[in-house]
Amino acid sequence: MRALPASSPAVRLARHLGLDANPLRRTADRAEAWFRIGVLAALLVGGPLAAIGAGQWAYHTGIREATAQAARLHSARAVLLQPAPLVLSNAGAFDYGEARVRARWQDPDGARHTGEILAAMGLPAGRTVTVWLNSAGKLTGPPLQAAQITSRAIAIAALTPAALAVVLLSALLLIRCLLDRRRLAAWDAAWLAVGPRWTRHGP
């Protein structure tokens, strides 16, 4: 007895996707198969495009935000009145972060101020550093920097395909639930038509 030839990869793929010529497949089954293919295509094609678009949007938004912040803020040169101490970390090495030290600076109106600012550890007294002041002359953080804008854009671009996948898979699950209801309704209708014939008893 000769063995039947194995089905081709295209046939196996069509059967796996539910697009073969199986007469037992219902319209709802084929509709669900096409929805799955649509979701897969949207993820493969739309995911990268959405990531690029979201990254560009985040970058340009960050640029506009940084420009607006720079327009509202004022920079000033602060003179350190004491050295910024170096702190040993738990590993026994020096931590080159920032420390709060007393400094003196002048606001845009010419008024002199003395207070604590953040300065890089290890800076000696007398060193000048840049501080940022708001419209009221109070110390505030600097405008968004280029590295921060780039990091934000990269993070949003990386998360966008995952968010798109969640939305599309949720939509697919919702569609599948609706199709399952139709399949159950069709099954009930078919059983109402055929069931009495199977369960009918003779006289």
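1. The side chains of R100 and E116 form a salt bridge, with N and O 3.4 Å apart. This pair connects distant parts of the chain: R100 sits in strand β4 and E116 in strand β5, 16 residues apart. R100 counts as exposed, because its relative accessible area is 51%. E116 is partly exposed at 42%. Please keep in mind that this is a predicted model.

2. How many salt bridges are there by this rule? The count comes to 2. Besides R100 with E116, E65 forms a salt bridge with R152, and the closest N and O atoms are 3.0 Å apart. E65 lies in helix α2 and R152 in helix α3, so this pair ties together parts of the chain that are 87 residues apart in sequence. E65 is partly exposed, at 30% relative accessibility. R152 is also partly exposed, at 33%.

3. Now the overall layout. The chain has 3 helices and 7 strands. From the N terminus, the order is α-α-β-β-β-β-β-β-β-α. The chain holds 203 residues, and 22% of them are buried. The accessible surface is about 14,500 Å², with 64% of it belonging to carbon and sulfur atoms. Take the contacts between residues at least 6 apart in sequence: 58% of these join residues at least 24 apart.

4. D107 deserves a look. This residue is in the loop between β4 (98–106) and β5 (112–120). What is the nearest side chain of opposite charge to D107, and how far away is it? It is K138, at 8.9 Å. A salt bridge requires a nitrogen and an oxygen within 4 Å. D107 is buried and has no salt bridge.

5. D107 does have polar partners. Its side chain reaches the backbone nitrogen of D109 at 2.9 Å. The side chains of D107 and H113 are joined by a polar contact of 2.8 Å. Setting aside neighbours within four places in sequence, D107 is in contact with H113 and L133.

6. A136 belongs to another loop, between β6 (128–133) and β7 (139–140). Is A136 buried or exposed? A136 is exposed, because its relative accessible area is 61%. A136 and D107 are 29 residues apart in sequence, and their C-alpha atoms are 9.5 Å apart.

7. Back to the helices. T160 is found in helix α3. T160 counts as buried because its relative accessibility is 16%, and the cut-off for buried is under 20%. The T160 side chain reaches the backbone oxygen of I156 at 2.6 Å. Not counting residues up to four places away in sequence, T160 touches A50, A51 and A54.

8. T150 also lies in helix α3, which covers residues 146–199. T150 is partly exposed, at 35% relative accessibility. T150 and H60 are 90 residues apart along the chain, yet their C-alpha atoms are separated by 9.9 Å.

9. Last, a surface feature. Which residues make the nonpolar surface patch of about 420 Å²? They are L40, L44, V45 and L49. V45 is in helix α2, residues 27–72. V45 counts as exposed because its relative accessibility is 53%.

How values were computed
Residues are numbered from 1 along each chain as its sequence is written. This is a predicted model: local features need pLDDT of at least 70, side-chain atom pairs count only at pLDDT 80 or more; totals for chains, interfaces and linings use all residues. Side-chain values use heavy atoms; hydrogens and water are left out. Helices (H or I, at least four residues) and strands (E, at least two) are DSSP runs, numbered from the N terminus. Buried means under 20% relative accessible area, exposed over 50%, partly exposed in between (1.4 Å probe, protein chains only). Contact means heavy atoms within 4.5 Å. Accessible areas come from the Shrake-Rupley method with a 1.4 Å probe; for residues, only the protein chains shown count as cover. Lys and Arg count as positive and Asp and Glu as negative; His and the chain ends are not counted. A polar contact is a pair of N or O atoms within 3.5 Å; within protein, one must be able to donate a hydrogen and the other to accept it, and residues adjacent in sequence count only if both atoms are side-chain atoms. Patches are made of residues with over 30% relative accessible area and no salt bridge: like charges are joined within 9 Å, nonpolar side chains (Val, Leu, Ile, Met, Phe, Trp, Tyr) within 5 Å.
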